[in-house]
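Visitor: I would like to learn how to read a structural model, one feature at a time. Could we begin with the surface and go on from there?

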Amino acid sequence: QKQYRGYTARKNVNTANSGALLLQKHYRRYATRKIVVAKNSSALVVQKTYRGYAVRKDIGIKENNTLILQKIYRGYVVRRNVLLMHSTVLLLQKQYRGYAARKNVAAMKRYGVYTARRNVSGMHLNALLLQKQYRGYTARKNVNTANSGALLLQKHYRRYATRKIVVAKNSSA
């Protein structure tokens with residue numbers, strides 16, 4: 001009997017202990033899981049925030065590059081249109097000057113001025129022709145000199161602007 005009572009007492013203690021141990025085990029699992037979930041959610045928030053920042057940064061860089069390309073293309077289109085208009089204006093001026101000269105010659109023929117000029121000596125006409133050609137040569141030379149200065153300024157400014165864009169892109173990347 002004594003041994004049986006000891007056996008049942010030990011059995012009751014073990015079952016009580018095993019219940020307490022089971023409760024402790026489950027509580028520790030619950031507490032640990034709660035800590036892990038909190039850490040993971042903090043990490044997820046940080047990751048989510050960083051990914052959003054990286055995407056916004058990439059979009060900003062792509063948008064900036066797009067704006068630069070648009071600006072360059074629009075400048076090209078405007079310059080092309082200006083050249084087209086300039087050549088059209090020159091053609092119209094040439095046509096009008098030819099028309100005016102023909103009209104002037106017709107009026108001179110009508111009033112006899114043109115025939116009187118034809119009777120001027122050949123040497124005088126040659127001198128007039130040489131003077132006319134020299135005046136045209138000097139005028140063209142002056143225009144070319146002015147244009148070359150303007151072209152040089154444009155070239156240096158474009159180089160400066162391009163360098164500025166490249167430096168800005170390199171510093172942002």
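Visitor: How much accessible surface does the protein have, and what percentage of that surface belongs to carbon and sulfur atoms?

Guide: Accessible areas come from the Shrake-Rupley method with a 1.4 Å probe, and for residues only the protein chains shown count as cover. Here the accessible surface comes to about 16100 Å², with 62% of it belonging to carbon and sulfur atoms. This is a predicted model, in which local features need pLDDT of at least 70 and side-chain atom pairs count only at pLDDT 80 or more, while totals for chains, interfaces and linings use all residues. Residues are numbered from 1 along each chain as its sequence is written, and side-chain values use heavy atoms, with hydrogens and water left out.

Visitor: What percentage of the residues count as buried?

Guide: Buried means under 20% relative accessible area, exposed over 50%, and partly exposed in between (1.4 Å probe, protein chains only). Of the 173 residues of the protein, 2% count as buried.

Visitor: How many helices and strands are there?

Guide: Helices (H or I, at least four residues) and strands (E, at least two) are DSSP runs, numbered from the N terminus. The protein has three helices and zero strands, and along the sequence the pattern reads α-α-α.

Visitor: Which residues line the largest pocket?

Guide: On a 1 Å grid over the protein atoms alone, a pocket is an open set of points where a 1.4 Å probe fits, with protein on both sides within 12 Å along at least five of seven lines, and lining residues have an atom within 4 Å of a point. The lining of the largest pocket includes Lys71, Tyr76, Arg79, Tyr157 and Lys164. The elements giving two or more residues to this lining are α1 (2-111) and α3 (122-172), and α3 gives the most, with seven residues.

Visitor: How many aromatic pairs are there?

Guide: Rings of Phe, Tyr and Trp (its six-membered ring) pair if their centres lie within 6.5 Å; planes under 30 degrees apart count as stacked, over 60 as edge-to-face and the rest as tilted. By this rule there are six aromatic pairs. The rings of Tyr73 and Tyr76 have centres 6.2 Å apart and planes at 40 degrees, so this pair is tilted. Tyr73 and Tyr76 are three residues apart in helix α1, and therefore about one helical turn separates them. Tyr73 counts as exposed because its relative accessibility is 53%, whereas Tyr76, at 42%, counts as partly exposed.
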